[in-house]
Each structure stands twice: as C-alpha cells, then as structure tokens.
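The structure itself is displayed first.

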Amino acid sequence: MLSHIEQEIAEIKNAIAEHEAKVAIAYAHYIHALSLAVGKYLLNAVFWLCTHEYPQAFLALPTAEKQKLQTAIQNLAKSCQVKLKAQLEQLPTAQLLRSAPLDQLLETILEQTSQSANQLLQAQGIIPVVQDSEAEKQIAKIRLRAAEVEYMDRSVMQYRSEIRVISARCQHLLTQLDKKYHDKLIAEAELAWRSVFVPDPNR
C-alpha cells in the first residue's frame with residue numbers, strides 16, 4: 001500500500017515538472033508577443049487620440065513638433081516593451097501558475113505607460129490640462145488596459161489561454177499531490193501502529 005502511494009507521488013511530481021516546463025515555454029512566447037502588442041497598442045491609441053479626439057490641436061503643431069511627438073511616443077513604446085519584458089521574466093514559475101500576479105504587474109506597467117503618454121500629449125498641447133478632477137475624467141486620454149491588448153492581438157490571447165489551461169492542470173496535480181502526501185502519512189501511521197501493537201492475551 002505504502003509503496004503504491006509513493007509511486008503515485010513520484011508520477012504526480014513528474015507530471016507537475018512537465019507542466020511547469022510547458023508553462024515556461026508558453027510564457028516565453030507570451031512575453032514576446034505581449035511586448036510587441038503593447039507597443040502597437042500604444043501607437044494606435046495615440047494615433048486615434050491625435051486624429052479623432054483632438055485633430056485640430058494636432059494639426060496646429062508645426063511639422064517638426066509632430067515628428068518630435070511621434071518619435072517620443074515610439075521611444076516610450078520601446079521603453080515600455082523593455083520594461084515589460086524584463087519585469088515579466090523575473091516572475092517565478094510559482095507565480096505564473098496564478099494569474100493575479102501577472103495581471104497586476106501588467107496593469108501597473110500599462111498604467112505607468114499611459115501616464116507618460118498623456119504627459120507627452122499634454123506637453124505638446126494635444127490634451128488640455130485642467131485642474132478640476134471631475135472635468136479631467138471627461139477628457140479623452142490614453143488608458144491602456146491588459147484585457148484590450150489581449151483582445152486586439154490573437155497571438156497574445158492564444159498564449160495567455162494556453163498558460164491558463166496548463167496552470168489549471170498543474171493546480172489540479174498539486175491538489176492531488178497534497179492528497180497523496182496525506183494518504184502516505186495515514187499509511188505510515190497505520191504501519192507504525194501495527195508494528196508496535198501487542199494484542200492483549202486476556203482478550
């Protein structure tokens with residue numbers, strides 16, 4: 001009984017290791033696709049804001065200033081890509097198996113990038129600067145969202161879905177492993193009981 005449980009534990013551990021390796025591979029693809037998608041997403045967001053929300057302000061800029069703004073936004077996109085890739089690569093495998101740390105880190109970086117983009121646009125006079133907090137909420141701004149990045153890019157969504165599926169399987173295996181360890185303790189306790197038990201001869 002005990003040897004059978006130990007064999008099952010070994011098999012589950014091997015399965016977990018295989019799934020963690022699969023997660024690492026899928027995650028590497030995800031980071032690459034995501035960093036590219038975020039850069040495109042930012043450029044598209046700024047393009048839309050300059051041409052659809054504030055076309056008059058953008059047209060009022062001299063050609064040199066238009067080019068300066070575009071260069072600054074492209075540099076910001078590259079900076080965001082580098083930061084995103086570096087920080088996501090530092091997440092340990094254990095955190096990859098849960099979506100919360102990944103989502104939180106991604107949202108934080110996108111929020112910081114959105115703020116930087118809006119500051120650039122305000123500095124160029126594209127986005128109006130207002131002091132009233134309520135009025136500020138009504139102003140069209142860059143608001144990058146992780147869910148929108150995944151929705152807009154099929155490869156990012158595909159790799160993220162793959163990570164979720166593998167992670168769910170891995171979590172199931174970890175639950176099974178905990179149960180098997182508990183079963184092992186019970187089997188060991190039963191074995192220990194029997195090894196020292198001396199029946200009462202008077203019964």
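The sections below treat the basis of the analysis, aromatic pairs, salt bridges and helix packing in turn.

## Basis of the analysis

The model is predicted, so local features need pLDDT of at least 70 and side-chain atom pairs count only at pLDDT 80 or more, whereas totals for chains, interfaces and linings use all residues. Residues are numbered from 1 along each chain as its sequence is written, and side-chain values use heavy atoms, with hydrogens and water left out.

## Aromatic rings

A pair of aromatic rings is described by the distance of the centres and the angle of the planes. Rings of Phe, Tyr and Trp (its six-membered ring) pair if their centres lie within 6.5 Å; planes under 30 degrees apart count as stacked, over 60 as edge-to-face and the rest as tilted. By this rule there are two aromatic pairs. In one of them, the ring centres of tyrosine 27 and tyrosine 30 are 6.2 Å apart and the planes lie at 25°, so the pair is stacked. Both tyrosines belong to helix α1 (residues 2-53), where tyrosine 27 and tyrosine 30 are three residues apart, or about one helical turn; helices are DSSP runs of H or I with at least four residues, strands are runs of E with at least two, and both are numbered from the N terminus. Tyrosine 27 is buried at 5% relative accessibility, and tyrosine 30 is buried at 0% (buried means under 20% relative accessible area, exposed over 50%, partly exposed in between, with a 1.4 Å probe and protein chains only).

Tryptophan 193 and phenylalanine 197 also form a stacked pair, with 5.9 Å from centre to centre and 15° between the planes. Tryptophan 193 is exposed, its relative accessible area being 58%, while phenylalanine 197 is partly exposed at 48%. A charge is also placed over a ring: lysine 66 lies over the face of phenylalanine 58, at 5.7 Å from the ring centre. The criterion is NZ of Lys or CZ of Arg within 6 Å of the ring centre and within 35 degrees of the ring normal.

## Salt bridges

Side chains of opposite charge can pair when their charged atoms come close. With a salt bridge defined as a side-chain nitrogen of Lys or Arg within 4 Å of a carboxyl oxygen of Asp or Glu, the count is five. Arginine 160 and glutamate 150 form one of these, at 2.9 Å from N to O. This bridge links distant parts of the chain, with arginine 160 in helix α8 (residues 154-196) and glutamate 150 in helix α7 (residues 146-152), ten residues apart. Arginine 160 is buried at 1% relative accessible area, as is glutamate 150 at 10%.

Glutamate 150 also forms a salt bridge with arginine 164, whose closest N and O atoms are 3.8 Å apart. This pair again connects α7 with α8, the residues being 14 apart. Arginine 164 is partly exposed, at 41% relative accessibility. Within α8, lysine 179 and aspartate 183 are four residues apart, about one helical turn, and their side chains meet in a salt bridge at 3.3 Å from N to O. Lysine 179 is exposed, at 52%. Salt bridges with shared partners join Asp103, Glu150, Arg160 and Arg164 into one network.

## Helix packing

The axes of α1 and helix α5 (residues 99-123) come within 12 Å and cross at roughly 30°. Axes are lines fitted to C-alpha atoms, for helices over the stretch in contact, and angles run from 0 to 180 degrees between N-to-C directions. The two helices are therefore roughly parallel (under 35 degrees; over 145 is roughly antiparallel, 65 to 115 roughly perpendicular and the rest oblique).
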